[in-house]
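Please read the remarks alongside the structure shown here.

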Amino acid sequence: MTIRKRVVSLCCTILLLMTMVLTAHPVKSQAASLSEQLQEARNEQAALKKEIEAIQADKNKVLEQKALMDQRNDQLRREVSLVQRQYDETTTRIAELEVQEKEQYELFCKQMRQEEERGKVSYWSVIFKATSFADLLSRIDFINEVMEYDRQVMENLRATREQLAEDKVALEEQKSELESAQREMEEQIAAANALIAEYEESEEGHQALYEQAEEDEARIQALIRGQGGQSSGGGSGSNSGVGGFIWPTNSTRYVTSPYGHRICPFHGEEYHNGADIGAPYGTPVLAAKSGTVIQAGWNGGYGISVMIAHDGGITTLYGHMCDWNVTAGQNVAQGQVIGWCGSTGNSTGPHIHYTMYENGDLKDPMPYLPGYIAYDW
């Protein structure tokens with residue numbers, strides 16, 4: 001009897017521990033971390049909003065205002081991403097809890113049936129069969145363990161159902177938050193694009209943009225010269241494409257503005273030093289060929305950009321991104337995601353600005369974009 005009692009007691013203990021494990025929710029700490037990151041993004045966004053409001057009246061600071069708006073929109077994108085992660089994790093947790101709730105309810109029903117079959121008389125019979133005082137104490141301990149296990153089964157079921165109810169409420173709140181954040185982000189991005197478009201229409205704005213473009217070009221030339229004429233390799237790739245270069249995106253073949261002279265609707269003819277590839281916000285931007293990153297981050301009128309030095313003295317620039325995924329000095333493989341399409345800097349809508357240089361001189365990228373579709377030009 002003693003061996004049997006210990007076996008049964010051990011089984012109860014194991015089942016109890018398994019049930020307790022089922023009701024544990026380690027994602028809580030991660031959820032708390034996401035909430036902290038979300039609050040941090042919102043605080044930074046609020047601070048940027050105050051900076052924008054402080055210079056809005058100054059017509060000489062439009063470019064500075066656009067840069068601040070781009071930074072704020074970056075925080076809005078971060079907020080949307082974090083809320084989306086919260087929503088996804090809550091959805092996953094609800095699915096897991098529903099499975100646990102079903103298992104625990106079945107276990108609860110099983111225990112209740114056994115309790116009804118066993119009844120109070122069964123407990124007394126166990127006690128009355130004791131052969132000694134020590135055996136009596138052991139039997140009482142055994143009964144207490146069984147009763148504690150039954151109590152814990154009910155407690156775990158209750159806790160799971162409470163958590164499930166809380167998470168379903170949280171899910172609805174997060175869904176509403178996500179929709180609100182997405183709307184705000186879209187509105188703010190549209191406002192930033194409208195600001196630069198309106199500024200470009202004015203003679204003062206056109207001149208300011210022209211001067212900034214000259215400053216940008218001087219800075220870019222210095223970066224290219226900093227390579228010392230050495231070829232820059234790195235990573236690996238299939239090098240399938242014209243001249244070993246592939247398209248900087250897999251999502252589109254639309255070129256909205258080609259390289260070379262073009263007609264500006266406000267100021268007549270102007271020179272465009274790259275190809276604009278139309279793509280939605282968030283479209284991955286790819287390294288056209290393996291090489292070494294020589295610039296990543298904010299780059300004047302190009303907004304967030306990445307520059308890569310390749311073999312043969314070729315340098316490629318990818319501008320107006322909403323975020324970047326590499327660092328200066330990093331070797332990248334052909335086709336590697338280096339950032340995501342956006343409209344930062346002097347841009348009036350989402351696109352990938354793609355410029356090529358050969359030994360510091362501008363190079364027409366159009367031959368390296370086979371199968372392009374001319375859109376609206």
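1. Is Cys 109 buried, partly exposed or exposed? Cys 109 is partly exposed, its relative accessible area being 22%. Buried stands for under 20% relative accessible area, exposed for over 50%, and partly exposed for what lies in between (1.4 Å probe, protein chains only).

2. The model is predicted: local features need pLDDT of at least 70, side-chain atom pairs count only at pLDDT 80 or more, and totals for chains, interfaces and linings use all residues. Residues are numbered from 1 along each chain as its sequence is written, and side-chain values use heavy atoms, with hydrogens and water left out.

3. With a disulfide taken as a pair of cysteine sulfur atoms within 2.5 Å, the count is zero. Cys 322 is in no disulfide, and the nearest cysteine sulfur, belonging to Cys 341, is 7.2 Å away. Cys 322 is buried, at 8% relative accessible area.

4. Six aromatic pairs are present in the structure. One of them joins Tyr 372 and Trp 377, which are stacked at 6.1 Å centre to centre with 25° between the planes. Rings of Phe, Tyr and Trp (its six-membered ring) pair if their centres lie within 6.5 Å; planes under 30 degrees apart are stacked, over 60 edge-to-face, and the rest tilted. Both partners are partly exposed: Tyr 372 has a relative accessible area of 34%, and Trp 377 has 46%.

5. Tyr 254 lies in strand 1, residues 254-257 (a strand is a DSSP run of E with at least two residues, numbered from the N terminus). Tyr 254 is partly exposed, at 40% relative accessibility.

Conventions. Helix = DSSP H or I, 4+ residues; strand = E, 2+ residues; numbered from the N terminus.
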